[in-house]
Amino acid sequence: MLNTFQHKTNRVGDTVFAASRQVWLAGLGAAVVTRDWAEKEASGVFRTLVKEGTAVESRAIRLVGNQVESSMAKAGIVWRHTRTTVENVVRVYADTAAGIVSQSLPALLPALKSTLTVAVPKRRIAQEQPRKSKPASVSKNAKRAGRTTKSTSKR
């Protein structure tokens, strides 16, 4: 039974090896055919492809250019419309605000005047009042002298 399994494995390995070799050989054949085609016929085909590519490119540039021009024109129209709208809104707002101020300002003036008036206190000149002086017996010198005599008498 072990022999049969190894025999089947060898057949599968041979088949995989043969298939990979065939892919390799097909690749080499494709390279040779391409080389021969490039040497004999490719230059004409290549020139035709370049010519067609140039035509498609110029049409695409023209189409994109026209769309860009159209988009720029539309953007300009939208910009002018937006600018006009903003100017009108600002003008209406300014007129409304001016109307409100002109109507309500006279009514507010007395109230504003009272809040803006600053009361300046009258300047007082301080009257000099005679200071009360301590009796002569309670002067600092007398207190010191009293302390000195008391402290010396206790000793």
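The following legends describe several close-up views of a predicted model of a single protein chain.

**Figure 1. Overall organisation of the chain.** The chain contains three helices and zero strands, and its elements follow the order α-α-α from the N terminus. Of its 155 residues, 1% are buried.

**Figure 2. Confidence of the prediction along the chain.** The mean pLDDT of the chain is 75, with 58% of the residues at 70 or more. Helix H2, which spans residues 42–116, has the highest confidence, with a mean of 83. The lowest confidence belongs to helix H3, residues 140–154, where the mean is 53. Local features are described here only where pLDDT is at least 70.

**Figure 3. A nonpolar surface patch that includes Leu25.** Three residues, Trp24, Leu25 and Leu28, make up a nonpolar patch on the surface. Together they present about 310 Å² of accessible area. Leu25 is situated in helix H1, which covers residues 2–40.

**Figure 4. The salt bridge between Arg35 and Asp36.** Two salt bridges are found in the whole structure, and one of them joins Arg35 to Asp36. The closest N and O atoms of this pair are 3.5 Å apart. Arg35 has a relative accessibility of 47% and is therefore counted as partly exposed. Asp36 also falls in the partly exposed class, because its relative accessibility is 28%.

**Figure 5. The salt bridge between Arg83 and Glu87 in helix H2.** Arg83 and Glu87 are linked by a salt bridge in which the closest N and O atoms lie 3.6 Å apart. Both residues belong to helix H2 and are separated by four residues, about one turn of the helix. Helix H2 is also the element with the highest mean confidence in the chain, at 83. With a relative accessibility of 38%, Glu87 is counted as partly exposed.

How values were computed:
Residues are numbered from 1 along each chain as its sequence is written. This is a predicted model: local features need pLDDT of at least 70, side-chain atom pairs count only at pLDDT 80 or more; totals for chains, interfaces and linings use all residues. Side-chain values use heavy atoms; hydrogens and water are left out. pLDDT is the predictor's confidence in each residue, from 0 to 100. Helices (H or I, at least four residues) and strands (E, at least two) are DSSP runs, numbered from the N terminus. Patches are made of residues with over 30% relative accessible area and no salt bridge: like charges are joined within 9 Å, nonpolar side chains (Val, Leu, Ile, Met, Phe, Trp, Tyr) within 5 Å. Accessible areas come from the Shrake-Rupley method with a 1.4 Å probe; for residues, only the protein chains shown count as cover. A salt bridge is a side-chain nitrogen of Lys or Arg within 4 Å of a carboxyl oxygen of Asp or Glu. Buried means under 20% relative accessible area, exposed over 50%, partly exposed in between (1.4 Å probe, protein chains only).
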